[in-house]
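Visitor: I would like to learn how to read this model, feature by feature. Please show me the structure, and then we can start with the copies.

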There are 2 protein chains.
Amino acid sequence: MRQPMNERETVRFVREILGSPGPDVLVPIGDDSTEFRFPSPDVLLTVDSLYEGVHFDLDICGLSDVGYRAATAGISDIAAMGGEPLCALLSIAFSRAPTRAEVLELLGGVREVTVVNGCELVGGDVCRSPGGLALTVTVAGSPPEGGPVLRGGAREGDLVGMTGYAGDSAAGLFILQRGDGDAGERFPGLVGAHLRPKPRVLAGKILAGTGVTAMEDVSDGIAPDICDICSESGLGCEIQADLIPLSDKLRELAAETSVDPLRWALSGGEDYELLFTAPPGRFEGILETLRRLEIPASRIGVMVAGEECRMVIAEGETVKLEGMGYEHFA
Amino acid sequence: MRQPMNERETVRFVREILGSPGPDVLVPIGDDSTEFRFPSPDVLLTVDSLYEGVHFDLDICGLSDVGYRAATAGISDIAAMGGEPLCALLSIAFSRAPTRAEVLELLGGVREVTVVNGCELVGGDVCRSPGGLALTVTVAGSPPEGGPVLRGGAREGDLVGMTGYAGDSAAGLFILQRGDGDAGERFPGLVGAHLRPKPRVLAGKILAGTGVTAMEDVSDGIAPDICDICSESGLGCEIQADLIPLSDKLRELAAETSVDPLRWALSGGEDYELLFTAPPGRFEGILETLRRLEIPASRIGVMVAGEECRMVIAEGETVKLEGMGYEHFA
């Protein structure tokens, strides 16, 4: 039986779920504001919103997945600075009064990511939305010792690398959108990459420690995200199509469905892997450091003078990367 | 002519509008996260979302009003702790690609509040929404020296006070919803209270300095908000109907339209005045301090043992305050 809660009951239930706050939470959820004690007065802040019908579709993912993905989006932004995510605030808008089971599922997904990453859910807001479920996650954290790694620090000649594999999340979404249960069973890793993407917090901190020159998470697809690094650094880039790390499963699905796997990798987004640049002399050592921690990492290209972001697809044949990728108002 | 911008153009335009960041913005808008330097590692954080069709109606208010109200909601949460709002992040979802004029108007409204209150707009997020305009404002600030004033600190016998007048915002909304242009012209103060509510930052800091025992901003109406203070403090209260501060204009409109003005005051919300409690011995001094700064303030009741929140409407005649006020899932 549906037993919906009103606004105040929902907030009370969220407080119950959160339980006793950690020692850095000076004022927990339930007051006008939350108070949190950071290790230093320099604080990283980021906010991400997810809307039903735009960022997710409840026909192909559960409330817990939505919560998980919202938390990952925020935490990944801190990871992309080399920072440590420390606390999160969650604003939830439900299109109708939620049940305890629904709130539990949504928050469960959020906490799967926050707890593992040492990020405490400290507060938020509950209200009604006119058009489906909406979530906004604010994440605050501390920068790495040497300061955060920005998008604009790449230098000409720096090599471009990335953690993990590209396009798995988009390929998982492709399977889910086709409603292909058989493919879903044969490619659980791809579906999981879409429904349960993991932010690269450890990799981000390690990369910051190695002195990478620029970093960004892959939230919109390699193409638009490397273009950000280029434009912020006042440079162009040359990415090698054959160096883009594609998982075996992605290649298998692409072959079966006659889809160009690079489409998923370049403009799929939501992989939450880290793109980074570093001088050639230090690059192999950085990849080695990551691999020792079992974090896959590879070189995919080089930063060049000019402002063109190109991908080399064959000897002497290049395509422009600008304009690829998810565009909200396309 | 409508010249809509895409997502990246919108972000670029927002950066242009914001201009050069202040000295405490270590990493401005345009990277994965923002970095801000607070005066101390103890930081107040709050988040508020406003949805078209739920919190506002673009038929009766402009984009600039929406931005203004969203910023006030967040800053008021910091004011209600006695804190100093220092920076804000804005997540905006447009139902279709926005024009420069639209973004300028919305951000103009936000900045009218943030700039005046010394709160810097440092970052955010732009995306598409499935159901009308939506705004989420995250505000971070620093607590007052003696620590933030909580809702749960009231003691039995403490008097209850509030700044300003109650219900003006709801009365303004009433005028706007009736589309009564004549009333709008005769009651600009009421309409302004709804479209341009001012957060009580200075009053909050002063109240925190005087050692008030509990504080909360009036966002949902006096009734639900005093009930919060009661439940968090483990007490009840007795509010005097005849002490609730109503503006002359509110009384005038109420008389003309045969509306009980207390309805606006008790359950109207969005006045963003501050409710507070303090021991009787210190109470008059506190009101005097506020009035010297031209901040109207008055006593409206007393905290009592038990858990009943009542309002005395005549000798021996009381009504319950619980259950009044805006409820999102009513």
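Guide: This is a predicted model. Two copies of a chain are related by a rotation about an axis and a shift along it.

Visitor: Which strands pair across the two chains, and in which sense, parallel or antiparallel?

Guide: β3 of chain A (residues 42-51) pairs with β2(B) in the antiparallel sense, over four bridges. For one position, look at A:Leu45, whose bridge partner in β2(B) is B:Thr34.

Visitor: Within one chain, how is chain A divided into domains?

Guide: Domain 1 of chain A covers 7-142 and domain 2 covers 151-320. Their centres, taken over C-alpha atoms, are separated by 27 Å. In the contact between them, 17 residues of domain 1 of chain A meet 19 residues of domain 2 of chain A. On the domain 1 side, α2 (63-79) and β4 (84-94) of chain A each supply at least two residues. α2(A) gives the most to that side, with nine residues. The classes on the domain 1 side are nine nonpolar, four polar and four charged residues.

Visitor: What is the strand order in the open sheet of chain A?

Guide: The seven strands run β8-β10-β7-β11-β9-β12-β13 in chain A, with mixed pairing. At the edges stand β8 and β13 (317-320) of chain A; each has a single partner strand, so one side of each is left without a neighbour in the sheet. Direction ignored, neighbouring strands of this sheet are turned by 30° against each other on average. For one pair inside this order, take β9 (residues 236-240) and β12 (residues 309-314) of chain A, which pair in the parallel sense over four bridges. There, A:Cys237 stands opposite A:Cys309 in β12(A). α7(A) packs on the sheet and touches β7 (159-163), β8 and β10 (274-278) of chain A, its direction making about 10° with that of β10(A).

Visitor: Where does A:Thr210 lie, and is this residue buried or partly exposed?

Guide: A:Thr210 is in the loop between α7 (201-209) and β8 (214-217) of chain A. Burial is read from a count of neighbours, with 20 or more other C-beta atoms within 10 Å needed for a buried residue. A:Thr210 has 17, so it is partly exposed. Leaving out residues up to four places away in sequence, A:Thr210 touches A:Arg282, A:Ile286 and A:Thr289.

Visitor: Why is helix α4 of chain A described as largely enclosed by the rest of the structure?

Guide: Nine of the eleven residues of α4(A) (residues 168-178) are buried, so the helix is largely enclosed. The buried residues include A:Leu173, A:Phe174 and A:Ile175. They pack against α5 (181-186), α6 (188-195), α9 (248-257) and α10 (261-267) of chain A. After α4(A) comes A:Gly179, with a positive phi near 65°.

Conventions
Residues numbered from 1 in each chain as written. Chains lettered and ligands numbered in written order. Predicted model: local features only at pLDDT ≥ 70, side-chain atom pairs only at ≥ 80, totals over all residues. Buried ≥ 20, exposed ≤ 12 C-beta atoms within 10 Å, placed from the backbone. Contact = placed C-beta atoms within 7 Å. Pairing = 2+ DSSP bridges. Domains from an automatic or database assignment. Nonpolar A, V, L, I, M, F, W, Y, C, P; charged D, E, K, R; others polar. Axes fitted to C-alpha atoms, helices over the stretch in contact; angles between N-to-C directions.
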